[in-house]
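Please look through the sequence and the structure shown here before trying the exercises. Each exercise sets a task and then works through a solution step by step.

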Amino acid sequence: MADLKLLTERVVEKEKAAIRQRVEEARKDAEDEIQAARAKEEQDKVARKQAIDADVQHQYTIRKNTLDIQKRNNVLAAKQAVLSKVLEDAKTALDHISEAEFKTFAANVLEQFKTEEQVEVVLGSKTAGMLDQTWLDQVTGTELQATLSNDVVQDEAGLLVQKGGIEYNFMFDALTEDARAELVPIITKELFD
């Protein structure tokens with residue numbers, strides 16, 4: 001009976017040892033799982049922080065670019081307003097040209113047509129009283145027969161030269177607009193450089 005008791009005790013001890021080993025392995029597995037979960041959580045935390053940082057940086061870049069574009073557009077709009085004002089002031093100044101300056105301008109225009117036989121000159125209403133037929137005859141001499149039209153172009157300054165059904169526009173508004181592409185870079189350089 002003593003052998004049975006000893007045998008039973010050994011089996012119980014063996015089972016206790018096996019149970020302790022399984023408990024120890026289960027505890028170790030649980031600790032490993034906890035460590036793995038902590039490590040994964042830390043990685044997730046770092047990944048979320050990096051994603052948030054990247055998103056914030058992206059939003060900052062977009063906002064900065066938007067503000068840079070707005071600033072550039074505002075500067076360009078201000079420059080365009082100044083350029084338009086300068087050109088408008090030039091047109092206004094030309095609308096109030098002196099008679100002597102207008103005669104010089106008209107003489108230079110008519111010089112371009114000296115090889116033609118006959119032209120008709122139509123004045124703008126703002127410069128209508130500055131030239132007469134006598135002056136035209138003196139300037140053109142015998143080289144060119146220039147006739148001053150009784151018609152005028154309303155609300156314009158300058159002149160039109162008509163020759164053989166073709167009309168050459170020397171109205172100051174048209175000349176300013178035609179020269180705009182050449183004038184804008186010059187004015188821009190003078191004003192903004």
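## Exercise 1: Salt bridges along the helices

Lys103 and Glu99 sit 4 residues apart in helix H2, so about one helical turn separates them. The model is a predicted one, in which local features need pLDDT of at least 70 and side-chain atom pairs count only at pLDDT 80 or more, while totals for chains, interfaces and linings use all residues. Residues are numbered from 1 along each chain as its sequence is written, and side-chain values use heavy atoms, with hydrogens and water left out.

Task: find which residue forms a salt bridge with Lys103, and state how far apart the closest N and O atoms are.

Solution. A salt bridge is a side-chain nitrogen of Lys or Arg within 4 Å of a carboxyl oxygen of Asp or Glu. Lys103 meets this condition with Glu99, the closest N and O atoms being 3.1 Å apart. As for exposure, buried means under 20% relative accessible area, exposed over 50%, and partly exposed in between (1.4 Å probe, protein chains only). Lys103 is partly exposed at 23%, and Glu99 also counts as partly exposed, at 40%.

The next step turns to helix H1, where Asp68 and Lys64 are 4 residues apart and therefore separated by about one helical turn. Their side chains meet in a salt bridge with an N to O distance of 3.2 Å. Asp68 counts as partly exposed at 39% relative accessibility, and Lys64 is partly exposed with a relative accessible area of 39%.

A further salt bridge joins the side chains of Lys114 and Glu111, at 2.9 Å from N to O. Salt bridges that share partners also join Glu88, Lys91, Glu177 and Arg180 into one network. A search of the whole structure finds 14 salt bridges.

## Exercise 2: An aromatic pair

Task: decide whether the pair formed by the rings of Phe113 and Phe170 is stacked, tilted or edge-to-face.

Solution. A pair of aromatic rings is described by the distance of the centres and the angle of the planes. Rings of Phe, Tyr and Trp (its six-membered ring) pair if their centres lie within 6.5 Å, and planes under 30 degrees apart count as stacked, over 60 as edge-to-face and the rest as tilted. The structure holds 5 aromatic pairs. In the pair of Phe113 and Phe170 the ring centres are 6.2 Å apart and the planes stand at 85°, so the pair is edge-to-face. This pair links distant parts of the chain, with Phe113 in the loop between helix H2 (99-111) and strand S1 (118-124) and Phe170 in strand S4 (residues 166-171), 57 residues apart. Phe113 counts as buried at 6% relative accessibility, and Phe170 counts as buried at 12%.

To finish, Phe102, Phe105 and Phe172 form one aromatic cluster.

## Exercise 3: A backbone angle in a loop

Solution. Most residues other than glycine have a negative phi. With a relative accessibility of 58%, Asp155 counts as exposed. Helices (H or I, at least four residues) and strands (E, at least two) are DSSP runs, numbered from the N terminus.
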